[in-house]
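The sequence and the model are shown first, and the description follows.

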Amino acid sequence: MSEEANPVASMPAVEQAAILLLTLGEADAAEVLKHMGPKEVQRVGAAMSKLSNIEQEQVHTVMGNFMEQVRNLTGLGVGADNYIRNMLVTALGEDKAHGLIDRILLGGNTTGLDTLKWMEPRSVADIIRNEHPQIQAIVIAYLDPDQAAEIMGYFSDSVRLDIMMRVSSLDTVQPSALQELNDILEKQFSGNAGSQTTTMGGFKCAAEIVNNLDSGIASELLESIKEMDEDTGNQIQDLMFVFDNLRDVDDRGIQALLREVSSELLIVALKGADNDLQEKIFANMSSRAAELLRDDLEAKGPVKVSEVEGAQKEILIIARRMADAGEISLGGGGEQML
């Protein structure tokens, strides 16, 4: 977090990826993006839209870093949650952005369910609003937790409760059910000729979705689940990972996480953290960086609860993505909701 002689050294990986893609040109960038999921593309697009006044030396350094990494790594990964179309239009202009989106979508073998990942949550909610609750649950379980949580926000309390109970009880889904869903979406489901079931849903899926809901909705929903089925509610709660649980991450994991989080985002998130967690963060920074962060926290002044929760959720998304990639190990769940 401290100021570096080399500004690229402290630049988040996603910003470096954005610089690299912008140097490749539209066609080559599209080829790269076709191999990423919607959330990865969304985050890169958001980073591209924020880039300005990039010096030639920075470009050379980013490309050098990339060449060094590919000598040792077989894949790259990023994650986040703004909408690709708006972000790429902002970054590249409407004509180029639409061309890039077409290459990504048409170049891949996108199924009906995968197409939903590229849509705004409100649109997905409207599509499934009048469908059978089990169909709604399959869609919610299939999508990324943060997008699923946004979609759930457009439903009533009773519908959210019904969907979440069904998501929790899901284990495998028969091809016929997926085929029915794709028929509803008027899409052909690619690769459905086999008879193998598809694994989705379950307590972990439900916990990740609840984690991404607004704090008030999440608390109320979890309480309702417990009232309906206490064991289900407890199992979901046990699997949840909230911001305060970062204190259970080891020092190496915290250091790796901090390299992916911007100072501005961290400052806002820590405004709502207790002293123990703040001290853990400070202890995993250089003394100079910790001193600067303390000063910035004091100078920041009051911050809206919604802004703090939003910043904490962004950091949790990064932490979960890194955990899924095996880069860090998350601690156990907790009882406190964001």
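## Overall architecture

The protein chain holds 20 helices and two strands; helices (H or I, at least four residues) and strands (E, at least two) are DSSP runs, numbered from the N terminus. This is a predicted model, in which local features need pLDDT of at least 70 and side-chain atom pairs count only at pLDDT 80 or more, while totals for chains, interfaces and linings use all residues. Residues are numbered from 1 along each chain as its sequence is written, and side-chain values use heavy atoms, with hydrogens and water left out.

Of the 338 residues in the protein chain, 44% are buried, where buried means under 20% relative accessible area, exposed over 50%, and partly exposed in between (1.4 Å probe, protein chains only). The accessible surface of the chain comes to about 17300 Å², and carbon and sulfur atoms account for 45% of it; such areas come from the Shrake-Rupley method with a 1.4 Å probe, and for residues only the protein chains shown count as cover. Among contacts (heavy atoms within 4.5 Å) between residues at least 6 apart in sequence, 79% join residues at least 24 apart.

## Nonpolar cores

In soluble globular proteins, nonpolar side chains tend to be buried together. A nonpolar core is here a set of buried Ala, Val, Leu, Ile, Met, Phe, Trp, Tyr and Cys residues joined through side-chain atoms within 4.5 Å. The largest such core has 36 residues, and Met164, Val167 and Ile209 have the most contacts inside it. At least two residues of this core come from each of helices H8 (121-128), H9 (133-142), H10, H11 (157-169), H13 (203-212) and H14 (215-228). H9 gives the largest share, six residues.

Residues up to four places away in sequence aside, Met164 touches Met152, Ala206, Ile209, Val210, Leu221 and Ile225. Apart from this core lies another, of 32 residues, which includes Leu246, Ala256, Leu277 and Phe282.

## Cavities

Rolling a probe the size of a water molecule over the atoms shows where empty space is left. On a 1 Å grid over the protein atoms alone, a cavity is a set of points where a 1.4 Å probe fits but cannot get out, and a pocket is an open set with protein on both sides within 12 Å along at least five of seven lines; lining residues have an atom within 4 Å of a point. Grid points are joined across faces, edges and corners, and a volume is the space filled by probe spheres set on the points.

The structure holds two cavities of 30 Å³ or more, and the largest cavity contains about 40 Å³ of space. Its lining consists of Phe243, Leu246, Leu257, Leu258, Val261, Leu266, Leu270, Ile281 and Ile315. By class, these residues are nine nonpolar, no polar and no charged (Ala, Val, Leu, Ile, Met, Phe, Trp, Tyr, Cys and Pro count as nonpolar, Asp, Glu, Lys and Arg as charged, and the others, Gly among them, as polar). Helix H16 (251-258) and helix H17 (263-270) each supply at least two residues of the lining.

## The second largest pocket

The second largest pocket has a volume of about 280 Å³. It is lined by 14 residues, of which Asp146, Glu150, Asn212, Asp214 and Lys313 are the closest to its centre. Helix H10 (145-152) and helix H20 (305-324) are the elements that give two or more residues to the lining, and H20 contributes the largest share, four residues. The lining comprises five nonpolar, three polar and six charged residues.

H10 is mostly covered, with seven of its eight residues buried: Pro145, Asp146, Gln147, Ala148, Ala149, Ile151 and Met152.

## Individual residues

Helix H15 (residues 230-239) contains Leu239 and Thr232. Thr232 counts as buried because its relative accessibility is 9%; beyond its neighbours within four places in sequence, Thr232 is in contact with Met165, Ser168, Phe203 and Ile225. Leu239, at 45% relative accessibility, counts as partly exposed. Not counting residues up to four places away in sequence, Leu239 touches Phe203, Lys204 and Ala207.

Glu260 is placed in the loop between H16 and H17 and, at 16% relative accessibility, counts as buried. With residues up to four places away in sequence left out, Glu260 touches Pro12, Ala13, Arg43, Ile318, Arg321 and Met322. Trp118 lies in the loop between helix H7 (112-116) and H8 and counts as buried, at 14% relative accessibility.
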